[in-house]
Amino acid sequence: MRVGLDAHTLRQMNLDLLGLLDQTVAHGLEGVHFSASALLAQSEAERRQFLEKAHSHQLYLELVGAGVNPGRSGKSVAEIVAEWQPLFPLAAEVGSPILNTCFGLLKERTFTSPTLAEQLELTAKVLRELGKMAADYGVIVTMELHVDLTSRELARLIETVDSPHVGVNLDTANALGLLEDPIEAARNLLPYVHTTHFKDTCIYLTAEGYNWLGGAPLGRGLVDLPTIVEMLYTANPKINLNIEDSGGFIPIPLYDEAFLQSFDDLTPQRMARLIHHLWQGEQQLRSGLHPRPEESKLVNWAEVIPARLQYNADYARRLRDEVVARHK
């Protein structure tokens, strides 16, 4: 289990790929999870220079691919599959075992045309085709838990596609954006996980529903990261922890009828766990651990997020090392 960086964390620094490697190395991280399109945009000489530098520091590389939901993009299944064709040889070239993607965001849940069920059916068709291409290159397409589908919905999608080359990227914090407990979500997806976005977060009630923070210092939010890392390591010690952090928040329309009706698996037990997390989040907010919405707008996140990356890196490595030591 290695600890790396999700490039989304430093997006506001506008780094080129070599600068991204510099930041990865400077913080003692072991790899980077980043956009394939950025690599495709480089010349052959620039790509060679990037790979030589990454290999010289023995960094692992994980690539982010294109979209997969025709209902979100308005593109046909064939058009989306065509966009993916150059990504597989690129992943093989750089040694990336995965190409990451996601279904969308929470707004897709309430589309009336195409409906959520129709979007899932179209996405499954795309993933079946991508699974065939991924097999030819020894790559796995990972669907991220992305505040779009619940863990059960994502698990059903993976099972429907039924390919060893289509799996899951477990974002450790995103379940809280869709009324789910992170531990329960991890348990539901564990058999399919091949990589992670290693993230913490906080949620708290608002007049419209609740807010979900885009990130929090690791170990200071609501996610039980030690338990999740233990679960991941036990399932597959080779899963990487890619640190993701971000400022701001996403409003979750908890009281919206169309949003609630998009779920077919809400139980009293699940809602009770959500209420408990919301109560805990309010306590964290009152203690000053996280900014309220009016305060968040005043924070210079472009400075805050990079500044706390070293803390996050130290936390993730220490937690990883503790888990590994227990299994020796």
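Which residues of β5 are buried on one side, and which on the other? I140, T142 and E144 sit on one side, V141 and M143 on the other, and all are buried, which leaves both faces of β5 covered. Buried here means under 20% relative accessible area, exposed means over 50%, and partly exposed is in between, using a 1.4 Å probe and protein chains only. In a regular strand the side chains alternate between the two faces of the sheet. Five of the five residues of this strand (140–144) are buried, so β5 is largely enclosed by the rest of the structure.

Before going on, some ground rules. You're looking at a predicted model, in which local features need pLDDT of at least 70 and side-chain atom pairs count only at pLDDT 80 or more, while totals for chains, interfaces and linings use all residues. Residues are numbered from 1 along each chain as its sequence is written, and side-chain values use heavy atoms, with hydrogens and water left out. Helices (H or I, at least four residues) and strands (E, at least two) are DSSP runs, numbered from the N terminus.

Back to β5. Strand β4 (residues 98–101) pairs with β5 in the parallel sense over four bridges; two strands pair if DSSP finds at least two bridges between them. If you want a spot to look at, L99 has V141 of β5 as its bridge partner.

The buried ones are P182, I183, E184, A185, A186 and L189. They pack against α8 (151–161), β6 (166–171), β7 (193–198), α10 (225–235) and α12 (268–286), with contact meaning heavy atoms within 4.5 Å. At the start of α9, a side-chain oxygen of D181 comes to within 3.1 Å of the backbone nitrogen of I183. A polar contact is a pair of N or O atoms within 3.5 Å; within protein, one must be able to donate a hydrogen and the other to accept it, and residues adjacent in sequence count only if both atoms are side-chain atoms.

Three bridges join β8 to the antiparallel β9 (residues 210–213), and I203 has W212 of β9 as its bridge partner.

Two loop residues deserve a look. S246 sits in the loop between β10 (241–243) and β11 and is buried, with a relative accessible area of 8%. Its C-alpha is 8.0 Å from that of H8, although the two are 238 residues apart in sequence. The side chain of S246 also makes a polar contact of 3.2 Å with the side chain of R11. The other residue, D265, lies in the loop between α11 (257–261) and α12. At 11% relative accessibility, D265 counts as buried, and a 2.8 Å polar contact joins its side chain to that of R270.

Finally, the rings. Rings of Phe, Tyr and Trp (its six-membered ring) pair if their centres lie within 6.5 Å; planes under 30 degrees apart count as stacked, over 60 as edge-to-face and the rest as tilted. By this rule the count comes to five aromatic pairs. The rings of W84 and F88 have centres 5.9 Å apart and planes at 35°, so this pair is tilted. Y311 and Y315 lie four residues apart in α15 (309–326), about one turn of the helix. Y311 is partly exposed at 28% relative accessible area, whereas Y315 counts as buried at 13%. The charged end of R220 sits over the ring of Y311, 4.6 Å from its centre; this needs NZ of Lys or CZ of Arg within 6 Å of the ring centre and within 35 degrees of the ring normal.
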